[in-house]
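Give each task a go before you read its solution.

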Amino acid sequence: MNRPISSSLLDFDDVRDLQLLLTLFCLLNFFYNFDVIFNLFTNVFSFATSASGKCLVGLDLDTVNQPIIVTPGITQTYNILNQEHDNNDILDDEAIAVRPTTAFVDLDALAHNFRVVQEKVGSAKVMAIVKANAFGHGLLRIAKELESLGVDQLGVAFLEEGIALRRAGVTCPILVLGGIIGNQIDYFLEFDLQLTASSTFKVHQVDAAAKRLGKRAQIHLKIDCGMRRIGVRAENAHQLFEAALQAEHCDIVGVFSHFSSSDSANQEISLRQIEQFEKATRYFNREGLKMPPRHMANSGGILQYPRAH
């Protein structure tokens, strides 16, 4: 039995209707403020939709925004308003369930895709990225489904997403991939969320907060191998490692990086990133230390670079 919840389902009578609306949008944009016209366009489009045509789109489990084919055969609608959770309005799905369009996801397709990923990576653990409301699929429902399937860990972008998952009863390890602000650290520790330490300064901040609260912080060290988002440059990674090893109230539970273009047919950049990451993390071997869990493979990395698993 298929068990749907959410994705992106757009219904319209005729392609020409959509083309007409797009043309109107482009013409009006020449004369009016973009935001005003965009709001008008989306409202008109919502009234123009009907049940005569269906476009079903799915997104992948990781940080790369790639489509996955979602199996057809939807048999029921998951009513997001009937979720049983106390989320204190932090990413409460009720707050985003007011749009007139309806979204569905086949949870059996989600389970299938998850199993395929597991088979692809072999003995490596799987961290499912559910940031941005699980890419529009419904953060809480998708996270709970993945946890029931045995996912090793979840990843989110922001602190509030992690808190929402904890308050919804999700108990598996959760890494917040984004940067942190000093006054947020107490909440990471309170809700048992793993932190991204992207600089020696952040390591010191986290260590100080953990000491003050009498807790141990679980940190992942972020190495920038070309994504140019957050993290220390690969050539300076040893400084971050040394700071983390000296932190008395922090446990290094991961070291990671991020591909910039792992889905590209040209593999030159991605292979260079792998080499930089491997070179940087050899620090632990040179120092006679146990290698922390390393993770780098997003969706493109899973499919194209077994070396990065």
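**Exercise 1. Find which residues form the positive surface patch, and which helix gives the most to it.**

Solution. Step one: K279, R282, R286 and R294 form the patch. The patch rule takes residues with over 30% relative accessible area and no salt bridge, joining like charges within 9 Å; a salt bridge puts a Lys or Arg side-chain nitrogen within 4 Å of an Asp or Glu carboxyl oxygen. Step two: helix 10 (residues 268-286) gives the most, with three residues. Helices here are DSSP runs (H or I, at least four residues), numbered from the N terminus.

A quick note on the set-up: this is a predicted model, where local features need pLDDT of at least 70, side-chain atom pairs count only at pLDDT 80 or more, and totals for chains, interfaces and linings use all residues. Numbering starts from 1 along each chain as its sequence is written, and side-chain values use heavy atoms, leaving out hydrogens and water.

**Exercise 2. Classify R282 and R166 by accessibility.**

Solution. Take the cut-offs: buried is under 20% relative accessible area, exposed over 50%, partly exposed in between (1.4 Å probe, protein chains only). R282, found in helix 10, has 41% relative accessibility, so R282 is partly exposed. R166 sits in helix 6 (residues 159-167), and with 15% R166 is buried. R166 also lies 8.8 Å from L193, C-alpha to C-alpha, at 27 residues apart in sequence.

Definitions and conventions:
Patches are made of residues with over 30% relative accessible area and no salt bridge: like charges are joined within 9 Å, nonpolar side chains (Val, Leu, Ile, Met, Phe, Trp, Tyr) within 5 Å. Accessible areas come from the Shrake-Rupley method with a 1.4 Å probe; for residues, only the protein chains shown count as cover. Lys and Arg count as positive and Asp and Glu as negative; His and the chain ends are not counted. The place of a charge is taken as NZ of Lys, CZ of Arg, CG of Asp or CD of Glu. Helices (H or I, at least four residues) and strands (E, at least two) are DSSP runs, numbered from the N terminus.
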